[in-house]
Amino acid sequence: MSAAPFHLDRQGRDWVKAQFGRLGTEAKIAQLILPMCRDLSDDNIDALAARGLGGVHRFPSYAEEELRRSARRLMQGCAVPPLLTADIEMSEKASVKAGTAFPNQMAVAATGNAENARRMGAIAAREAGYLGFGVSWTPVADLALNFRSNAVNTRAFSDKVDQTLSLVCAYLDGMQDNGLVACVKHFPGEGLDERDQHYVTTHNTMAMEDWHTSFGKIYAAAIARDVRLVMAGHVTLPAYRPGTGDAALSGATLPASLNANLLQGLLRGELGYNGVIVSDATGMAGFTSCGDRKDIVPLCIESGCDILLFPRDIDEDMQLLRDGLDSGALSQTRLDQAVLRILALKASMGLHLERPAVPPENRRAALLGSEEHRAWAKDVAEGCLTLVRDDQSLLPLSPKRHRRILLAELRDRRSPSAPLPDLEIPAMLEQLGFEITRVVPGEPIDATDQDIGLYLMAEEGLSGKEHLGPHWERLHGAFPLTMQRMWQYLPTLYVSLGSPFLTFHMPDCPAFVNAYSAVRPVQQAVVDALTGVIPFRGQSPVDLPFGLHR
């Protein structure tokens with residue numbers, strides 16, 4: 001406990017020992033459980049607090065006062081201070097609603113400046129901390145190696161090892177220096193498989209030599225930075241087969257969240273990690289498809305996970321862990337190890353000290369949506385825009401030369417859990433004197449009296465989303481109208497405020513811009529860059545299909 005990554009002093013170590021000594025088996029099992037909470041009512045929060053769970057996951061999109069109130073109530077009601085967690089990946093879905101609209105990791109990478117990753121971590125820590133969070137399940141340390149992977153894509157920094165390593169470390173510095181615990185994910189590394197752990201167990205198909213010089217190098221750097229949490233993905237690493245025979249073969253087919261070879265052999269043994277390991281969400285099909293829940297829940301902890309994330313049912317999964325202890329599927333040794341690490345993590349966060357659950361309200365202006373944070377978001381938004389190609393010398397756009405714009409835009413957008421607003425770019429262009437006419441899905445393109453065509457697509461990488469393709473049917477209508485392309489009629493520009501890989505579907509598109517994220521600062525920067533107010537400065541952090549990047 002006094003060693004990395006916890007670095008506990010004597011007071012912290014004594015608190016861990018005292019807490020551990022007071023916990024019976026039932027209370028120890030409760031410490032392993034970390035459910036999500038969508039109901040922040042006082043009654044529900046009090047009921048959760050009374051259970052003595054190890055932590056509670058809430059959502060940064062909820063109202064500011066609800067989050068601060070529930071944090072205070074949880075800290076006051078729990079016998080052992082809980083981990084209050086969030087998933088603050090920024091961008092549209094995972095920013096603090098009451099705070100700063102900040103672009104995603106790939107947009108940060110496109111700026112080419114590691115300082116922006118440090119700022120990203122600092123904003124996440126300050127704004128989440130003000131709302132009563134202590135842990136964020138970020139940063140994503142995956143590599144965007146497969147352009148068909150929707151679940152990685154813009155959530156990753158890059159497809160390049162050294163760039164990702166540098167930005168992950170800068171992010172960790174920003175978050176940890178501002179008092180929030182970070183978690184690198186998804187060990188052993190995601191981004192080769194085009195599928196999503198929400199729907200199926202995925203595979204990291206690297207040879208071990210390649211793994212050690214890529215994902216292994218990134219995780220080793222994060223461990224050296226004293227990262228205190230690593231998330232075990234529902235991802236296999238078949239090349240890692242210590243030992244021989246059936247056991248080695250069986251281990252090669254199990255994801256990290258259920259694989260002692262990967263967690264206790266590779267992560268703890270070879271990489272020397274001593275912090276807390278959390279499973280990815282255990283309701284995902286990548287986990288549940290591996291066996292009966294009565295077997296895989298105790299196996300998850302026995303294999304090396306210390307926290308069972310998002311139980312399907314708290315009572316059910318706690319009973320499965322009790323049954324595992326009774327049957328020997330879960331050893332007392334592993335239970336005790338997990339609880340001690342969880343307590344050490346809490347002590348390293350200062351949860352054993354007398355201090356308020358949330359910062360005072362007079363700190364709001366400095367911590368939540370501050371002028372400094374908004375300026376940092378603007379810097380990233382303006383620095384990330386990448387001009388992939390402009391073969392027709394169409395840019396910059398001008399109301400004098402390109403006043404009449406025929407627009408095809410993906411509307412009625414949504415994340416897997418909620419609707420997303422329409423883009424503001426059309427209204428911004430109209431304010432500058434452009435006239436917008438929209439393509440009507442289901443009708444042939446009518447380019448009469450139009451100067452240029454403009455496509456706007458805003459779909460970022462997102463877990464739980466099945467398709468990030470070009471969506472021609474939603475833009476133009478059912479077949480055969482899906483075969484329409486505006487650039488066959490007009491000089492046309494395509495802007496992707498999300499996946500940078502859409503060039504794969506349209507290598508003949510004459511003008512293409514990657515903007516990576518659809519938050520409002522990026523939308524404003526897109527308009528400014530298209531009209532020549534600011535230059536395109538971004539450099540693609542990923543190799544694009546057909547080598548179309550500049």
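This is a predicted model: local features need pLDDT of at least 70, side-chain atom pairs count only at pLDDT 80 or more; totals for chains, interfaces and linings use all residues.

Student: What makes E26 and R322 a salt bridge?

Tutor: The cut-off is 4 Å between a side-chain nitrogen of Lys or Arg and a carboxyl oxygen of Asp or Glu. For E26 and R322 the N to O distance is 2.5 Å. That is within the limit, so the pair counts.

Student: Why is E26 called partly exposed?

Tutor: Buried means under 20% relative accessible area and exposed means over 50%. E26 has 39%, so it falls in between. R322, with 24%, is also partly exposed.

Student: Why do D543 and K160 count as a salt bridge?

Tutor: Their N to O distance is 3.7 Å, and the limit is 4 Å, so they qualify. D543 lies in the segment after α21, and K160 in the loop between β4 and α8, so the pair joins parts that are 383 residues apart in sequence. K160 has 31% relative accessibility and counts as partly exposed.

Student: What makes D162 exposed?

Tutor: D162 has 52% relative accessibility, and exposed means over 50%, so the label holds. D162 forms a salt bridge with K217, the closest N and O atoms being 3.0 Å apart. K217 sits in helix α10 and D162 in helix α8, 55 residues apart. K217, at 37%, is partly exposed.

Student: How many salt bridges does the rule give?

Tutor: The count is 34. Salt bridges that share partners join D42, D46, R69 and R73 into one network.

Student: How do you know that the length of helix α4 agrees with its residue count?

Tutor: Helix α4 has 14 residues, and at 1.5 Å a residue it should span 20 Å. Its end C-alpha atoms are 20 Å apart, so the two values agree.

Student: Why are the buried residues of α4 said to line one face?

Tutor: The buried residues are E64, L67, R68, S70, A71 and L74. Seen down the axis of α4, they fall within an arc of 165 degrees, so they line one face of the helix. Their cover includes α3, β2, β3, α7 and α17.

Student: Why do β14 and β15 count as paired?

Tutor: Pairing needs at least two bridges, and β14 and β15 have five, so they pass. They run in the parallel sense.

How values were computed:
Residues are numbered from 1 along each chain as its sequence is written. Side-chain values use heavy atoms; hydrogens and water are left out. Helices (H or I, at least four residues) and strands (E, at least two) are DSSP runs, numbered from the N terminus. The expected span of a helix is 1.5 Å times one less than its number of residues. Buried means under 20% relative accessible area, exposed over 50%, partly exposed in between (1.4 Å probe, protein chains only). The arc is that of the directions from the helix axis to the C-beta atoms. Contact means heavy atoms within 4.5 Å.
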